[in-house]
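User: I would like to learn how to read the features of a protein model, one at a time. Please give the general idea first and then the case at hand.

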Amino acid sequence: MAGGEEYQDTSLPLPPGVEESLCQCGGITGLIEQLPADAVLERESSVHRALGDPLRLKILTMLSVQPLCVCVVKAVLGIADSKLSYHLGVLKKANLIAGEAQGNWIIYRLTAEGEAWAQQIVDDNGS
(Lines give C-alpha, C1' and ligand atoms only; values in the text may rest on other atoms or scores of the structure.)
Protein backbone atom coordinates (compact mmCIF):
# COMPACT_ATOMS: atom_id res chain seq x y z
CA MET A 1 0.00 0.00 0.00
CA ALA A 2 1.17 3.44 -0.78
CA GLY A 3 1.57 6.29 1.65
CA GLY A 4 1.56 4.31 4.93
CA GLU A 5 -2.25 4.12 5.08
CA GLU A 6 -4.23 2.62 7.96
CA TYR A 7 -4.45 -0.92 6.60
CA GLN A 8 -1.52 -2.75 8.14
CA ASP A 9 -2.07 -6.49 7.65
CA THR A 10 0.33 -7.10 4.78
CA SER A 11 -0.16 -10.89 5.06
CA LEU A 12 -3.57 -10.52 3.43
CA PRO A 13 -3.34 -9.68 -0.25
CA LEU A 14 -6.19 -7.49 -1.42
CA PRO A 15 -7.48 -6.94 -4.92
CA PRO A 16 -6.20 -3.56 -6.17
CA GLY A 17 -9.67 -1.95 -6.31
CA VAL A 18 -10.49 -3.02 -2.75
CA GLU A 19 -7.10 -1.92 -1.43
CA GLU A 20 -7.42 1.50 -3.07
CA SER A 21 -10.97 2.16 -1.84
CA LEU A 22 -10.09 0.90 1.65
CA CYS A 23 -7.24 3.42 1.77
CA GLN A 24 -9.60 6.18 0.61
CA CYS A 25 -12.04 5.51 3.46
CA GLY A 26 -9.28 5.56 6.09
CA GLY A 27 -8.32 1.91 6.18
CA ILE A 28 -9.81 -0.62 8.55
CA THR A 29 -10.24 2.07 11.22
CA GLY A 30 -12.09 4.34 8.82
CA LEU A 31 -14.30 1.48 7.70
CA ILE A 32 -15.15 0.59 11.30
CA GLU A 33 -15.98 4.22 12.07
CA GLN A 34 -18.55 4.23 9.25
CA LEU A 35 -20.43 1.21 10.60
CA PRO A 36 -23.62 1.78 12.62
CA ALA A 37 -23.35 1.25 16.37
CA ASP A 38 -23.90 -2.29 17.62
CA ALA A 39 -27.10 -1.15 19.36
CA VAL A 40 -28.51 0.07 16.02
CA LEU A 41 -27.65 -3.21 14.31
CA GLU A 42 -29.19 -5.19 17.17
CA ARG A 43 -32.36 -3.11 16.90
CA GLU A 44 -32.60 -3.69 13.15
CA SER A 45 -31.97 -7.40 13.66
CA SER A 46 -34.80 -7.56 16.22
CA VAL A 47 -37.22 -5.89 13.82
CA HIS A 48 -36.30 -8.22 10.97
CA ARG A 49 -36.67 -11.28 13.21
CA ALA A 50 -40.10 -10.01 14.24
CA LEU A 51 -41.07 -9.57 10.60
CA GLY A 52 -39.84 -13.05 9.73
CA ASP A 53 -43.08 -14.86 10.53
CA PRO A 54 -46.24 -14.81 8.38
CA LEU A 55 -48.54 -14.73 11.43
CA ARG A 56 -46.80 -11.63 12.77
CA LEU A 57 -47.05 -9.99 9.35
CA LYS A 58 -50.77 -10.78 9.33
CA ILE A 59 -51.13 -9.21 12.79
CA LEU A 60 -49.38 -6.08 11.55
CA THR A 61 -51.66 -5.80 8.55
CA MET A 62 -54.75 -6.34 10.70
CA LEU A 63 -53.63 -3.59 13.05
CA SER A 64 -53.03 -1.32 10.06
CA VAL A 65 -56.79 -1.36 9.51
CA GLN A 66 -57.57 -0.42 13.13
CA PRO A 67 -56.49 -1.05 16.74
CA LEU A 68 -57.81 -4.41 17.94
CA CYS A 69 -58.28 -6.40 21.12
CA VAL A 70 -56.70 -9.84 21.49
CA CYS A 71 -60.04 -11.61 21.06
CA VAL A 72 -60.46 -10.22 17.52
CA VAL A 73 -56.88 -11.06 16.54
CA LYS A 74 -57.35 -14.56 17.92
CA ALA A 75 -60.64 -15.03 16.04
CA VAL A 76 -59.02 -14.02 12.74
CA LEU A 77 -55.88 -16.12 13.19
CA GLY A 78 -57.53 -19.12 14.88
CA ILE A 79 -54.54 -19.83 17.11
CA ALA A 80 -54.14 -20.72 20.79
CA ASP A 81 -53.83 -17.98 23.41
CA SER A 82 -50.25 -18.96 24.25
CA LYS A 83 -49.15 -18.81 20.61
CA LEU A 84 -50.85 -15.44 20.10
CA SER A 85 -49.31 -14.09 23.29
CA TYR A 86 -45.88 -15.15 22.06
CA HIS A 87 -46.31 -13.44 18.68
CA LEU A 88 -47.68 -10.25 20.23
CA GLY A 89 -44.72 -10.24 22.63
CA VAL A 90 -42.23 -10.51 19.76
CA LEU A 91 -43.91 -7.58 17.96
CA LYS A 92 -43.98 -5.51 21.17
CA LYS A 93 -40.33 -6.22 21.90
CA ALA A 94 -39.46 -5.04 18.38
CA ASN A 95 -41.49 -1.86 19.06
CA LEU A 96 -43.81 -2.55 16.15
CA ILE A 97 -46.97 -2.65 18.27
CA ALA A 98 -48.08 -1.33 21.64
CA GLY A 99 -50.87 -2.45 23.93
CA GLU A 100 -53.03 -0.20 26.07
CA ALA A 101 -55.25 -1.49 28.84
CA GLN A 102 -58.89 -0.42 28.53
CA GLY A 103 -60.89 -1.97 31.31
CA ASN A 104 -60.57 -5.75 31.02
CA TRP A 105 -59.10 -5.55 27.53
CA ILE A 106 -55.76 -4.75 26.03
CA ILE A 107 -56.11 -2.88 22.77
CA TYR A 108 -53.17 -3.31 20.41
CA ARG A 109 -52.17 -0.68 17.89
CA LEU A 110 -49.24 -0.11 15.58
CA THR A 111 -46.39 2.13 16.63
CA ALA A 112 -45.04 4.62 14.09
CA GLU A 113 -42.43 2.06 13.05
CA GLY A 114 -45.08 -0.65 12.87
CA GLU A 115 -47.20 1.59 10.65
CA ALA A 116 -44.30 2.05 8.24
CA TRP A 117 -43.70 -1.72 7.96
CA ALA A 118 -47.42 -2.50 7.68
CA GLN A 119 -47.78 0.07 4.91
CA GLN A 120 -44.88 -1.54 3.06
CA ILE A 121 -46.60 -4.94 3.33
CA VAL A 122 -49.88 -3.49 2.05
CA ASP A 123 -48.08 -1.68 -0.79
CA ASP A 124 -46.21 -4.86 -1.77
CA ASN A 125 -49.51 -6.74 -1.82
CA GLY A 126 -50.90 -4.34 -4.39
CA SER A 127 -48.02 -4.73 -6.83
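User: Which residue forms a salt bridge with Glu42, and how far apart are the closest N and O atoms?

Analyst: Side chains of opposite charge can pair when their charged atoms come close. This is a predicted model, and in the model the partner of Glu42 is Arg49, with 3.5 Å between the closest N and O atoms. Glu42 itself is partly exposed, because its relative accessibility is 47% and the class runs between 20% and 50%.

User: How many salt bridges does the structure hold?

Analyst: There are three salt bridges. Another one joins Glu113 to Arg43, where the closest N and O atoms are 2.3 Å apart. Glu113 belongs to helix H7 (residues 112-126) and Arg43 to helix H3 (residues 38-50), so this pair ties together parts that are 70 residues apart in sequence. Both ends are partly exposed: Glu113 has a relative accessible area of 24%, and Arg43 has 26%. A further salt bridge links the side chains of Asp81 and Lys74 at 2.8 Å, N to O. Lys74 counts as partly exposed at 31% relative accessibility.

User: Now the overall fold. Which elements does the protein contain, and in what order do they run from the N terminus?

Analyst: The secondary structure comes to seven helices and three strands. From the N terminus on, the order is α-α-α-α-β-α-α-β-β-α.

User: How are the strands arranged in the sheet?

Analyst: Strands of a sheet pair through backbone hydrogen bonds, either parallel or antiparallel. Here the three strands make an open sheet in the order E1-E3-E2, and the pairing is antiparallel. E1 and E2 stand at the edges with a single partner strand each, so one side of each has no neighbour in the sheet.

User: How many bridges join E2 to E3?

Analyst: Strand E2 (residues 97-102) is joined to E3 by six bridges. Strand E1 (residues 68-69) is joined to E3 (residues 105-110) by two bridges.

User: Let us turn to cysteines. How many disulfides are there?

Analyst: A disulfide is a covalent bond between the sulfur atoms of two cysteines. The count in this model is zero, with a pair of cysteine sulfur atoms required to lie within 2.5 Å.

User: Last, the surface. Which residues form a nonpolar patch?

Analyst: The patch consists of Ile28, Leu31, Ile32 and Leu35, which together have about 360 Å² of accessible area. Leu31 lies in helix H2 (residues 27-34) and is partly exposed, with a relative accessible area of 41%.

User: What are the figures for the protein as a whole?

Analyst: The protein exposes about 8,300 Å², and carbon and sulfur atoms supply 55% of that area. Of its 127 residues, 28% count as buried. Among contacts with a separation of 6 or more, 45% are between residues 24 or more positions apart.

Terms used: Residues numbered from 1 in each chain as written. Predicted model: local features only at pLDDT ≥ 70, side-chain atom pairs only at ≥ 80, totals over all residues. Heavy atoms only, no water. Patch = residues over 30% accessible without salt bridge, like charges linked within 9 Å, V, L, I, M, F, W, Y side chains within 5 Å. Areas by Shrake-Rupley, 256 points an atom, 1.4 Å probe, with all protein chains shown as cover. Salt bridge = Lys/Arg side-chain N within 4 Å of Asp/Glu carboxyl O. Helix = DSSP H or I, 4+ residues; strand = E, 2+ residues; numbered from the N terminus. Buried < 20%, exposed > 50% of the residue type's maximum accessible area, 1.4 Å probe, protein only. Pairing = 2+ DSSP bridges. Contact = heavy atoms within 4.5 Å.
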